[in-house]
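Trainee: I have a structure open and would like to work through it. Where do we begin?

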Amino acid sequence: MKRLFIAAVGVLALTLTAAASATKPGPGSSTGTGQVFLPNPVAALGNQSLTDQKDADYPALAGAYAMVTLTNLDGSGFLHGDWANIRSETGTPAYSATNTFVYRRDDDRFEQVMAYYWITEAQKYIQSLGFGSTLPPVNRESQDIRINQWGLDNSFSWDKHDVLRFGKGGVDDAEDAEVILHEYGHAIQDAQQSPLGFGFSVEAGSIGEGFADYWAVTVSNVLAPTADTPCVADWDSVSYTSETPHCLRRVDTNLMYPSDLDGRVHHDGQIWSRALWDIRQALGNVVADRIVLAAQFDIPNPTMPELAQRTVQTAQSLYNAGIANTVRAKFQSRGILP
Ligand SMILES: [Zn+2]
């Protein structure tokens, strides 16, 4: 039911967008300017006292806004491009005849710009690692994104027309780059399987959450480094936790496999994300992320030991025995490999 409904909405949205494109002049150029958070106000300002305040744009947030260059736009004046496609919204679709997309958080178009920017940059990062040139492509397509559809904090990828969806509820999901990147992480893993789809068992689902958390942290740290890197979604989490630092989850916990598995995928995923984080700490983001992504092709429903073993083999084939041994040691530290 859900699929049919969403498909119908998709056709309507595409039709409306096409009509709008036909009547509004586009700038015709592929670059533009956008205003975003890098990656979110709590991390950027190092201020744990910031709260949602019902989507208000209040003075303490002023320093969190940053101007960035938007690339790979299709020239229509909408946020449609090579790697991201803001395809339907409950509010007004962002449009600019000069590709200038400067909004603040109380305007729903701000989240559209956030999603366009961060997903485009994430795909450019993937390609910078060699995926699509020396290595096979990873989700190298215009990722469809919907914002504010149902007020849920969720992501769906059910066929080759996978869509990322960002809701409201507390801080709007797409106001935190690490939430955007987490959901894109799921799209990446789904796209790496043929046929599309990753993570049907609880343990594979936990790997999915762990990878998505790791992906949020590694890309956020490359593009907008902040002090507490292992903290995931410092801003989105202000509505969920009174503990400080506010983190939806962390990638540097001491959870162990299999003794700490409890069947909650976001919790159990922290075992996996810690292993990936340790590999990154040892090898740097470029080597680590090449290995982690390359290991995930066509292994749709693995256990943690199965994907860990594949990751060690990938390190061996992309690099050498020394790097493979480092990768193995990090999985051993979590109890994932003997
Ligand atoms: Zn998730």
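Mentor: Begin with a definition: a residue is buried if 20 or more other C-beta atoms lie within 10 Å of its own. Keep in mind that this is a predicted model.

Trainee: How much of the contact in the chain joins residues 24 or more positions apart?

Mentor: Count the contacts with a separation of 6 or more. Then take those between residues 24 or more positions apart. Their share is 67%.

Trainee: Is Leu307 buried or exposed?

Mentor: Locate Leu307 first: it sits in helix H7, residues 304-318. Around Leu307 there are 22 other C-beta atoms within 10 Å. The cut-off is 20 or more, so Leu307 is buried.

Trainee: Why is strand E5 largely enclosed by the rest of the structure?

Mentor: Strand E5 covers residues 143-147. It is largely enclosed because, of its 5 residues, the number buried is 4.

Trainee: In E6, which residue is the bridge partner of Arg146?

Mentor: Look at the pairing of the strands first. E5 and strand E6, residues 163-166, run parallel and are joined by 4 bridges. The partner of Arg146 in E6 is Arg165.

Trainee: How do the axes of H4 and H5 lie to each other?

Mentor: Two packed helices are described by the angle between their axes and the distance between the axes. H4 spans residues 177-191 and H5 spans residues 202-223; their axes come within 7 Å and cross at roughly 125°. That angle makes H4 and H5 oblique.

Trainee: How many nonpolar, polar and charged residues are in the contact of H4 with H5?

Mentor: Among the residues of H4 that meet H5 are Leu181 and Ile188. On the H5 side, they include Phe211 and Trp215. By class, the contact has 8 nonpolar, 6 polar and 2 charged residues.

Trainee: What is the handedness of the crossing of H5 and H6?

Mentor: H6 runs over residues 265-294, and its axis comes within 7 Å of that of H5. The axes cross at roughly 40°, so H5 and H6 are oblique to each other. The crossing is right-handed.

Conventions:
Residues are numbered from 1 along each chain as its sequence is written. This is a predicted model: local features need pLDDT of at least 70, side-chain atom pairs count only at pLDDT 80 or more; totals for chains, interfaces and linings use all residues. Axes are lines fitted to C-alpha atoms, for helices over the stretch in contact, and angles run from 0 to 180 degrees between N-to-C directions. Helices (H or I, at least four residues) and strands (E, at least two) are DSSP runs, numbered from the N terminus. Angles under 35 degrees count as roughly parallel, over 145 as roughly antiparallel, 65 to 115 as roughly perpendicular and the rest as oblique. Two residues are in contact if their C-beta atoms, placed from the backbone, lie within 7 Å. Ala, Val, Leu, Ile, Met, Phe, Trp, Tyr, Cys and Pro count as nonpolar, Asp, Glu, Lys and Arg as charged, and the others, Gly among them, as polar. A residue is buried if 20 or more other C-beta atoms lie within 10 Å of its own, exposed if 12 or fewer, and partly exposed in between; C-beta atoms are placed from the backbone. Two strands pair if DSSP finds at least two bridges between them. A crossing is left-handed if the near helix is turned anticlockwise from the far one by less than a right angle, and right-handed if clockwise.
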